[in-house]
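Biologist: I am new to this structure. Please show it to me, and then let us go through it in short steps.

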Amino acid sequence: MSVHKNPSEIEWFKCNSCSSKFKCKSHLKRHMVLHKDPSEIKWYECHSCEFKSKHKESLKPHMLIHTDPTKIKWLECDVCGYKSKDKSNYKRHLRRHRASGSMLYKLVY
Ligand SMILES: [Zn+2]
Ligand SMILES: [Zn+2]
Ligand SMILES: [Zn+2]
């Protein structure tokens with residue numbers, strides 16, 4: 001007597017989204033996560049562009065790029081007009097001018 005069940009006799013838990021089938025309901029459940037409809041995910045969307053994120057924490061820093069530019073304290077390079085919000089980037093930029101030497105005359109204070 002064979003201990004092997006005829007596969008057709010097993011009650012399979014079938015996935016509706018693909019051809020996978022599982023003997024165990026919990027396995028199917030776990031599998032179904034793969035097919036989760038993206039529209040069912042709660043997205044945090046940016047109102048100003050296409051950006052969206054599943055995490056609220058990611059949207060916040062993104063929104064900064066849409067902040068009213070007049071409210072941003074820009075650090076502006078008088079040599080080339082380069083602007084940066086970030087002081088360390090700005091400094092690095094200035095250093096590049098000094099290093100190149102080409103615009104040095106403008107940087108003499
Ligand atoms: Zn599936
Ligand atoms: Zn945006
Ligand atoms: Zn510059």
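Modeller: Two residues are in contact if their C-beta atoms, placed from the backbone, lie within 7 Å. This is a predicted model, in which local features need pLDDT of at least 70 and side-chain atom pairs count only at pLDDT 80 or more, while totals for chains, interfaces and linings use all residues. Residues are numbered from 1 along each chain as its sequence is written, and chains are lettered from A and ligands numbered from 1 in the order in which they are written.

Biologist: Which residues does Y44 touch, not counting residues up to four places away in sequence?

Modeller: Y44 sits in strand β3, residues 44-45. Strands (E, at least two residues) and helices (H or I, at least four) are DSSP runs, numbered from the N terminus. Beyond four places in sequence, Y44 touches K52, S53, H55, K56 and L59.

Biologist: Does Y44 count as buried, partly exposed or exposed, and why?

Modeller: A residue is buried if 20 or more other C-beta atoms lie within 10 Å of its own, exposed if 12 or fewer, and partly exposed in between. Y44 has 16 C-beta neighbours inside 10 Å, so Y44 counts as partly exposed.

Biologist: In what order do the elements of the protein chain run from the N terminus?

Modeller: The chain holds three helices and six strands. Read from the N terminus, the order is β-β-α-β-β-α-β-β-α.

Biologist: What share of the 109 residues of the protein chain counts as buried?

Modeller: Take M63 in helix α2, residues 56-63. M63 is partly exposed because 14 C-beta neighbours lie inside 10 Å. For the 109 residues of the chain, the buried share is 0%.

Biologist: Which residues is L28 in contact with, leaving aside neighbours within four places in sequence?

Modeller: L28 belongs to helix α1, residues 25-32. L28 has 17 other C-beta atoms within 10 Å, so L28 is partly exposed. Outside the four-place limit, the contacts of L28 are F13, C15 and F22.

Biologist: What distance separates the C-alpha atoms of C15 and K29?

Modeller: C15 lies in the loop between β1 (13-14) and β2 (21-22). Beyond four places in sequence, its contacts include L28, H31 and M32. C15 and K29 are 14 residues apart along the chain, and their C-alpha atoms are separated by 8.9 Å.

Biologist: How many residues of α3 are buried?

Modeller: Helix α3 covers residues 87-100 and has 14 residues. From first C-alpha to last, α3 reaches 20 Å, close to the expected 20 Å at 1.5 Å a residue; the expected span is 1.5 Å times one less than the number of residues. Helix α3 lies largely in the open, because the number of its residues that are buried is zero.
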